[in-house]
Each structure stands twice: as C-alpha cells, then as structure tokens.
Amino acid sequence: MGALMALTLTMTAAACGGDADDAGADGKIKLTVATFNEFGYEDLIEEYNAMQDDVVVEQKKAGTANEHQDNLYTKLAAGSGLSDIEAIEVDWLAALMQESDAFVDLSDSEVEGRWLDWKAEAATTDDGALIGYGTDIGPEGICYRSDLFKKAGMPTDREEVAKMFTTWDAYFDAGRDFTKAVPDVAWYDASGATAQAMINQVEYSFEDADDNVIAADNPEVKDIFDTVTSLADEGLSTKLVQWSEDWTASFQNDGFATMACPGWMLGVIEGNADGVKGWDIANAFPGGGGNWGGSYLTVPKQGEHQEEAMALANWLTAPEQQVKAFEAKGTFPSQPAALEDPVLTGATNAFFNDAPTGQILAERAEAVPFIPHKGPRFADINTAFQQAIQRVDEGKESADEAWQSFLADVERLG
Amino acid sequence: MTLESSAVKLVGDGGDPSGATASPPGARPPDETRPRSSPWRLRLSLWDTKLSPYLYVSPFFLLFALVGMFPLLYTAYVSVHEWGLLGGQGDFIGLENYARVVEDRYFWNALRNTVSIFVLSSIPQVVIALVLAGLLDTQLRASTLWRMSVLIPFVVAPAAVALIFGNVFGDRYGLVNEALQGIGLEPIRWHVDTLASHLAIASMVNWRWTGYNALIFLAAMQAVPRELYESAAIDGAGRVRQFLSVTLPMIRPTLLFVVIMSTIGGLQIFAEPRLFDTQGLGGSDRQYQTLTMYLWELGWRVRDLGMASAVAWLLFLIIIVFALVNLAVSRRVGSLGGRR
C-alpha cells in the first residue's frame, strides 16, 4: 500500500509540474487571462491573437466567482501561480486594495477618462495608483412579469410600470396591492436580494470612510433590516435564498412577479425562465439608481510579462472591445464612449418583450448617483447580514433575535 | 492545503503497518553464497542485509515526510503566529489562535454538526455495506454486473452528487417534498432544520461511499474458507447465524480498516455540506457547517490562516481520539461475534 501511495503521489507531483512552460512552441510569449462566469472575451482573444505576432493569449475561465476568488487569494498569498491578467469583482476590491503592492499600477495618461468616474475611483489607491482597468458594471432596473401584472389588474406597459417604481415605498405599496390580488405569488424574488439592492444605495452602510465597522449602530442598516423582514411577513417575499435550487425553480413556478435586475441578470432570467412568457424590464429603480456588481482586470506583479499583460488589459477594456463583449454576453460596459455606441443603444432583447435593453441600462447607469463605500470587511458583514434576514425568513429566529445574533456576528468579525 | 496535509498524514498512518510488515520479509533472504574475500566486503554485505530493507521502504517515508510530515509541522508553525491569507506571517503569539478558536461558539457548533453528520453517515454506511457485501457474496447470476454497479456512485464526482441531491432535497420544489405533499404529508425543511439537513447530507455521503465499502468487505468475505460455512451449516446454523458467527469474525481486520478510514473521512466531510447551499457557510444558522467548512471559512473568508491552522490541528487531534475509540469498539464487536 505504501508503494502504491508513493507511486500515485509521484504521478500527481509530475502532473502538477507540467504547467511551467512559459514560452509557446514557436517562441511566442504566452499570456494568460483568468476570468469567472462570462466576460464575453472568447472572440476578442482570438482577434487579439490574430493581430499579434509575438504574443499568444489564453483564457482561463472559472465557473463561479467564489472559485476564482479562492484561487486568487491562495496564489496571492503563495506569491506565485497567478495568471498574467486576473479579473476581480468589485466586492473584493477593498480587501485587495490593502494588498495594492501586489498589483502593477496601471495608471496611464492614455486611458485617463476612459471609465465612468466612480468606476475608476474605486480602483485608485490613496497614492493615485490604479490597480485595475474597469470592464463592466451592473446598473439596475426592475424586471417584471407583465402577464402576472395583468392578472392582478395592474398596468403592464413598461413606461407606466416605471412610474410605479420611483421610490421603495411606492414599489412596496404596489407589491401589497399585487399580493392582495394574486395571493399565491410573491412580489419579489428574495428578501436578501432586495436588502442588497437597498444596502447598495447607502454610501456608508457597514463601514465608515476610515473603514471602522459601524454596521451595529447604523440606523440605515437597521431600517433596511426591519423593512425587509416585516415585508416578508406580509407575503411580499418568496422567502427563498437567491441562487438556491428553490430560487432557480421558482422561475418556472410563477414564484414571484418582480426582481432587481442588473444588466448581467437578464441572461440569468432568460436561462432560468426558459419557456416562460411575459418578462419585461422597466426603466426605473426605486430610490433612483443602483449598481450591482461589475469587474476589473488587474496585472499581478508576480507575472513575468507585465508590459505585454498591461497592453492586453488596455486593449480588452477599450470601449470598442467592451461593446463587442456586451454583444456576446450582455456584460454592460463601464466606458462612457461605449454607452453612446449605436450598437449598444440600439440593442433590444426579444425575451424581454423586445425591450430596448441597451438604452434602458445606459439610462440606469447614468442614474447611479455614487458608488457605496465598501471596506475590507464589507463582504463578511454583508454575509452575516444576509444570513440574519434568511433566519427570519426561515422562521429559525424572530426579527429581534436575528438582529441580536447579527450584532454578535459583527462583533466576532470586528 | 492544511486539509490535505492532515488527510495525507492519516492515510500515511493507515498505510504504515503494512509498510512495516513488508520490511522483514525483504530482510530475510540473505543469499550471500559468494566467498568471503575481505572483512571490508563482509562488512559491506552485512550493511547490505541490514540497511537495504530500509532503503526499499524509504521512498514512501521520504514522500511522506515531504507531503505529510512537512505540511503537518508547517501548519503547527503557522498556528502559533498571526498569519493573514494575503498579508502573510505576523508576530509569534503562542497559543492565542487556539484560545480564540475554542472561545468561538461557531467552533463548538461545527464540532457538534461534524459528529452528528459523522454518526448519521458512518454507522449506516458500514452496516449497509456489510449486508450488501453479504448478499453479493452469495451465488448470483451476472455477479460481476452487480458488483460493479454498487461502485457506480463512487465514480460520480461529489459536485455532481450535490447537484442531483440538491434537486432531491429542495425545500419547496424538491423531489422528496413533492412526493410527501403528494401523499398528504408535511414537507420537510431540508435546508432549515438541523437534523433534517444532517440527514440529507449523510444520505449524500452514504450514497457515495456505501458501495465502495461493500466491495472492500466483499473482497475480504471471498477469502473466508468455504468449509467453515459448510461445517456451520452442518451444525445447523442458518444464514444469519453464519454471517454473524463466521463471516464477521473472519473479516475483522478489514472491518477495522474500513471503520478507521470512514472515521477519518467522516470527520473531514466537506464537499457535500459545502455544496448543500450556495453560500457554503452551512445554512443561515450554520446548522450544517462542519469543522472543515469552519476551517475553510476562517482561512478563505475571514482570511486568518493562523486560526485556520489551529482548527486544522484541533481536528487532527479529534480524529486521533475518535480513531482510537473506534479501534477499541470495533475490536470488541469483532471478538463478540467470534465467541463460540
């Protein structure tokens, strides 16, 4: 048995070591780009390879953002093994900004003004170093089921629907009317998702400007918690957890009528609600505008070909290329020039009743007033916050108990 | 990495006895028939007989030192320091990480869940595997087909298993609950209630490992001399009595091996509960967060490798305790059946 184990171990060790070759077969420089989910870069990379004589680009795709994040953290810690370009999600940005030394400063007069101000600002350190080139953003509208609206005797036209969704109170009131008319269908997809959308409109939610944790004493946070938990009591929420199996299944079971909808969510809905007729998108978001998600491309300093990687990241995040990525996978560009591109503004989506999604999302992007401050503890506290809401939804704890245990969790993370 | 290291260490321990028993036979045949020319040569051949057995077994121990011992000791080194995932090594802080872990209520919660899931999975698993192997050991048509088919679940990747069982154990639209509601029963809240979630996870684990264990038992049962069954039958022992009084005592070493291995595996359950929901923290109240998931949370979510390493070492110690208790218990079980 010992010998067998030794043999397998040697074989694994050999298999792991086979990846070190850096130059391609014909002496070209090999660049790797690590992304997660869908960035829409497949065709672009082929295009780039055709343009370049001395560089071969290869894309490494992770299935989920979590998987990519674990890999990124582990290899950052190890000091080796990262790709030449690593994509990062905006929610991890704060934690990674603390390690800005590990990333190449990408600031360059050539790219100044390429992105929406808040997009570039979030990735700029206090010393003015830019650690990531913005790719996409997640301006939010409200997606809704016009067939269920009709059943409830509500307006179905997207212009009229938009008028109902100007403030959160108006949105929730519409929900109360809806659930009265159609009692077995919830108003929105998940309590957590709605809370998330509201938290994303608070400039300093869990941490103040100096990254002190203020989640426990912030009245705005408590307010959101109370609102969402009491609405679930009234039957507005499915009480499901976003991304869970039941949540996915609820698209096929008329589980709910509306949901907060960043650009990248359109593809998710189309996939989950395959065969369901009646989805549409309203050009409105309660409380003004909101942004959910979006990514950056970074160049880790541990890479051997930083200059070439920087040139590639620069090219990929240029407006012309991001418009093509939008065409391919619907990732919404963070570059003002791309937002005016006729390809984008003219884009419609057949699944959403031929809604002019390009134009709607461009307007939703302009409505985003600021990007909320997310410090290094944001993601952890947010998880605890979401779990507290989930405990109330599941009936494991009363709202008061859940809030108390949330406070204990914050204390523990502090 | 820390997870793997403790696994490798323990697997190494499991392999250890067989490695040790392999060495004496290698030492036995001193085929030194050549004429003894000089004392130097004599000494050389003496060394040869004495040392070469160790040389033969050394690859295992060298590799074990590299991929088992080193990570184990390095984890201990990390556990007595402040050590951020991204920031790296900080100050030496002695046992403070251990103190913080022991004071954390989620550690005890994870320990409770781990033991509960372990009991719910390992015990039925070994019992069912034994019965299954007993059935496969009888005269069956197309016996290879049956034997291979019990192994199929083992070939399926845990992630795929989690996906399938996710649909089976959905709280609202899951297969089981729809069936329950179909016959007028209350749906079970698989992801919410602690015991229900443990049962669901244990069934995933059992589904994957029962067949594998059954095959190991079967291999051992095939080696039991058939005459024993004949004489037992002549003595008037029925099928069940034969199984209890002949089969069980005869396969005791294998039983011990399987019990120890499933203890090690059972206390390190990770993939199934981790993939049971999308956040991977073991439910809204961490009602199915196991120790390995807790370790992962500390290391990769809270990004504190020092505390995570302390958990890894505590888990290592806990597994040793459990393995020893199991060893004692299964020895008794084996010898009880063997009493005539």
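Analyst: Happy to. Buried means under 20% relative accessible area, exposed means over 50%, and partly exposed is in between. Keep in mind that this is a predicted model.

User: Where does B:L111 sit, and which residues is it in contact with?

Analyst: B:L111 belongs to helix α4 of chain B, residues 105-136. Setting aside neighbours within four places in sequence, B:L111 is in contact with B:L291 and B:I318.

User: And what separates the C-alpha atoms of B:L111 and B:L281?

Analyst: Those two C-alpha atoms are separated by 14 Å, with the residues 170 apart along the chain.

User: Let's zoom out. What is chain B made of?

Analyst: Chain B has 15 helices and two strands. Of its 340 residues, 46% are buried. Among its contacts between residues at least 6 apart in sequence, 68% join residues at least 24 apart.

User: Switching to cores. Which residues touch the most other members in the largest nonpolar core?

Analyst: That core has 78 residues, and the ones touching the most other members are A:F149, A:F165, A:F178, A:W187, A:F385 and A:F406. Helix α15 of chain B, residues 305-338, provides the largest share of this core, with 12 residues. Apart from it lies another core of 50 residues, including A:L93, A:L130, A:V299 and A:L316.

User: What does A:F385 touch?

Analyst: Not counting residues up to four places away in sequence, A:F385 touches A:A195, A:I199, A:F206, A:V221, A:I224, A:F225, A:W403 and A:F406.

User: Nice. Now a serine: is A:S191 buried or exposed?

Analyst: A:S191 has a relative accessible area of 0%, so this serine is buried. A:S191 is in helix α9 of chain A, residues 191-199.

User: Which side chain does A:S191 have a polar contact with?

Analyst: With that of A:S237, at 2.8 Å. Leaving aside neighbours within four places in sequence, the residues in contact with A:S191 are A:V228, A:A232, A:S237, A:L240, A:I389 and A:D393.

User: What about A:T227, where is that one?

Analyst: A:T227 lies in helix α10 of chain A, residues 219-233. A:T227 is partly exposed, with a relative accessible area of 23%. The C-alpha atoms of A:T227 and A:S191 are separated by 9.8 Å, and the two residues are 36 apart along the chain.

User: Last topic, the interface. How many residues of chain A are in contact with chain B?

Analyst: 44 residues of chain A are in contact with 42 residues of chain B. The area buried between the two chains is about 3,500 Å², and carbon and sulfur atoms give 52% of it.

User: How many salt bridges are there across the interface of chain A and chain B?

Analyst: The rule finds four. A:R412 and B:E297 meet through their side chains in a salt bridge, at 4.0 Å from N to O. Between chain A and chain B there are also 15 residue pairs in polar contact.

User: And which element gives the most to the side of chain A that touches chain B?

Analyst: That is α3(A), with seven residues.

Notes:
Residues are numbered from 1 along each chain as its sequence is written. Chains are lettered from A and ligands numbered from 1 in the order in which they are written. This is a predicted model: local features need pLDDT of at least 70, side-chain atom pairs count only at pLDDT 80 or more; totals for chains, interfaces and linings use all residues. Side-chain values use heavy atoms; hydrogens and water are left out. Helices (H or I, at least four residues) and strands (E, at least two) are DSSP runs, numbered from the N terminus. Buried means under 20% relative accessible area, exposed over 50%, partly exposed in between (1.4 Å probe, protein chains only). Contact means heavy atoms within 4.5 Å. A nonpolar core is a set of buried Ala, Val, Leu, Ile, Met, Phe, Trp, Tyr and Cys residues joined through side-chain atoms within 4.5 Å. Buried area is the accessible area (1.4 Å probe) that two parts lose on being put together, summed over both. A polar contact is a pair of N or O atoms within 3.5 Å; within protein, one must be able to donate a hydrogen and the other to accept it, and residues adjacent in sequence count only if both atoms are side-chain atoms.
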